[in-house]
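The sequence and structure are shown first.

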Amino acid sequence: MKVAVAGCCHGALDKMYETLELLQRRHNVWPDLLLCCGDFQAVRNEADLCCMAVPAKYRHMQTFYRYYSGEKKAPVLTVFIGGNHEASNHLQELPYGGWVAPNIYYLGYAGVVRFRGVRIGGISGIFKSHDYRKGHFECPPYNQQTIRSAYHVRNIEVFKLKQLKHPIDIFMSHDWPRSIYHYGNKKQLLKMKSFFRQEVESNTLGSPAASELLQHLKPTYWFSAHLHVKFAAFMQHQTNSKEELPKATKFLALDKCLPHRDFLQIIDVEHDPNASDSLEYDAEWIAVLKATNSLVNVTQTSWNMPENNGLYAKWDYSATEEAIKEVLEELNHNLKIPCNFTLTAACYDPSKPQKKVEPVHTINPQTTEFCAQFGLTDINDRIQQAKEEGSVRGEHEEEEEEEEMDSTGSAEEPSEYNTDNSGLSSINPDEIMLDEEGGDEDLSTCSVDPSPDHPPDFSASFSDIRIMPDSMAVSSDDAMDSTNEELEKSGVSKQVEEKSLNERPLKRVGGNENGSSGIKKIKRRNQAIYAAEDEDKTE
């Protein structure tokens, strides 16, 4: 089957689907499935807009609300993960995944589903070491810290995914797995994005948690976004025994959804012709969720996942074949995900814009139904209970000063995993610094710049969409020329003028009297990543 993969959507659903229509007109190709690798921005109204962690100049309503209201319907089944610029209050309603609009499905904090026999997994958010070992404690209305931490990856999601034993066909993450750039045309990447050089050379660019998952899951395809550049790589995995067949992952990072950007790719994926055309639950994943339900945590307390170190009575939460069979029997072998989308918030009305809004913590009926069906803890219900008891509020007030420091710096936290990444304690400089707009702002006040009622025709401005060859093979550093040629064909080599930022060393904030210098460095680097947005006059 044909799968379309998109990078950062940034709420421009009309543009994304118009591009698919353009693809059909030019190449007579229509995808069976569309995957989006984060920064989807499922913004329903002004309250959602205020829960999106972006500088004010990027805060626009865009077009998702039209799909949420039913005015429009996604022309192709769309599955997405969350990034670091999302309506966090909306996605938080669906921690285990669910429909955000008809035909548009969110995978949750982490999730695995099936479509036509193809197994698709993903993890939402980006890595930040100081929040990695905390529970999901955030709830709206957010403050200046929780509006950011709400989208940070947590160790429990990585732990759950590492319990999977059966092969994964496709996996999505928003930020790149750390070290993946060593398996593609690194020279061409640094030519396009020279300000990546220091992190690439020090091997600190990307997510160490995603890198762990890549090494464990070994999916056939891995798709990412976040850095607003197209990059392909081919990673051959080491085998654990002579009997194990060698595995390799084809990695592809996509650009953001803009005219003249190579943000969308079509690939051919082997599928089961006898499998259902409906989106389905994955039985092993459901069994893992049931097995790890007791580990759910909604506090800010840092904690480690169970491991075989003599401190835990149980550390293996993988699903047995019997547990998977029980899930199938519970569902009467009908794994189809119910089309139970429900409106849980008022939809934006361009004729009646609201300026003063107060986001509320909502329990989504889809999550309630899912948890009841499989005997799982409703995370939002647990947060609400803790909030009513005052525990979440009290803990936050006690740690507010510490959180304020962590939101801009890097706290040294030990990891529960033994990895090659120094305990997952490195700075994650990939996240755009949100204090560039002048510090704290009133999150309940949002100036909405609605999308035009009649968007322009982009058919003449979008770069040609390429249909990915079946091999999608990319050379390593030892054979850069072929990859360079591949990237040039894709149009990625057409780059924006960018100033090199490797004149000064990147400094950590923690334990450094001149930590502000490090923050400024990160800000300049991220401003370079996002500079093209202003030049393209989008958002």
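## Thr367 and its contacts

Leaving aside neighbours within four places in sequence, Thr367 is in contact with Glu93, Leu94, Pro95, Tyr96 and Asp378, where contact means heavy atoms within 4.5 Å. Thr367 belongs to helix α13, residues 365–374. Helices (H or I, at least four residues) and strands (E, at least two) are DSSP runs, numbered from the N terminus. Thr367 has 2% relative accessibility and therefore counts as buried. Buried means under 20% relative accessible area, exposed over 50%, and partly exposed in between, with a 1.4 Å probe and protein chains only.

## Model and overall figures

This is a predicted model, in which local features need pLDDT of at least 70 and side-chain atom pairs count only at pLDDT 80 or more, while totals for chains, interfaces and linings use all residues. Residues are numbered from 1 along each chain as its sequence is written, and side-chain values use heavy atoms, with hydrogens and water left out.

The protein has 17 helices and 14 strands. Of its 539 residues, 59% are buried. Among contacts with a separation of 6 or more, 81% are between residues 24 or more positions apart. The accessible surface is about 21700 Å², and 46% of that belongs to carbon and sulfur atoms; accessible areas come from the Shrake-Rupley method with a 1.4 Å probe, and for residues only the protein chains shown count as cover.

## Aromatic rings

A pair of aromatic rings is described by the distance of the centres and the angle of the planes. The structure holds 20 aromatic pairs. Rings of Phe, Tyr and Trp (its six-membered ring) pair if their centres lie within 6.5 Å; planes under 30 degrees apart count as stacked, over 60 as edge-to-face and the rest as tilted. The ring centres of Phe40 and Phe80 are 4.0 Å apart and the planes are at 15°, so this pair is stacked. Phe40 lies in the loop between β2 (33–36) and α2 (46–50), and Phe80 in strand β3 (residues 78–80), so the pair ties together parts that are 40 residues apart in sequence. Both Phe40 and Phe80 are buried.

Ring pairs also link Phe40, Phe64, Tyr68, Phe80, Tyr106 and Phe341 into a cluster. Elsewhere, the charged end of Lys314 sits over the ring of Tyr317, 4.5 Å from its centre. A charge sits over a ring if NZ of Lys or CZ of Arg is within 6 Å of the ring centre and within 35 degrees of the ring normal.

## Helix α1

Helix α1 (residues 13–27) has 15 residues and reaches 21 Å from its first C-alpha to its last, close to the 21 Å expected at 1.5 Å a residue. The expected span is 1.5 Å times one less than the number of residues.

The buried residues of α1 are Leu13, Asp14, Lys15, Met16, Tyr17, Thr19, Leu20, Leu22 and Leu23. Their cover includes β1 (2–6), β2, α3 (64–69), β3, β5 (104–106) and β12 (264–268). Asn28 follows α1 and has a positive phi, near 55°.

## Cysteines

A disulfide is a covalent bond between the sulfur atoms of two cysteines. Taking a disulfide as a pair of cysteine sulfur atoms within 2.5 Å, the count comes to zero. Cys51 is in no disulfide; the nearest cysteine sulfur, that of Cys50, is 6.8 Å away. Cys51 is buried, with a relative accessible area of 1%, whereas Cys347 is partly exposed, with a relative accessible area of 28%.

Pro359 is found in the loop between α12 (321–330) and α13. With a relative accessible area of 7%, Pro359 is buried. Leaving aside neighbours within four places in sequence, Pro359 is in contact with Ala47, Cys51, Asn89, Pro140 and Pro141. The C-alpha atoms of Pro359 and Cys139 are separated by 9.5 Å, although these residues are 220 residues apart along the chain.

The peptide bond from Pro140 to Pro141 is cis, with omega near 0°. Pro141 is in the loop between α5 (129–132) and α6 (146–149).

## Positive phi in two loops

Most residues other than glycine have a negative phi, and most peptide bonds are trans. Asn103, in the loop between β4 (98–101) and β5, has a positive phi near 75°. Asn103 is partly exposed, with a relative accessible area of 23%.

Asn203 is not a glycine either, and its phi is positive, about 55°. Asn203 is placed in the loop between α9 (197–201) and α10 (208–217). At 25% relative accessibility, Asn203 counts as partly exposed.
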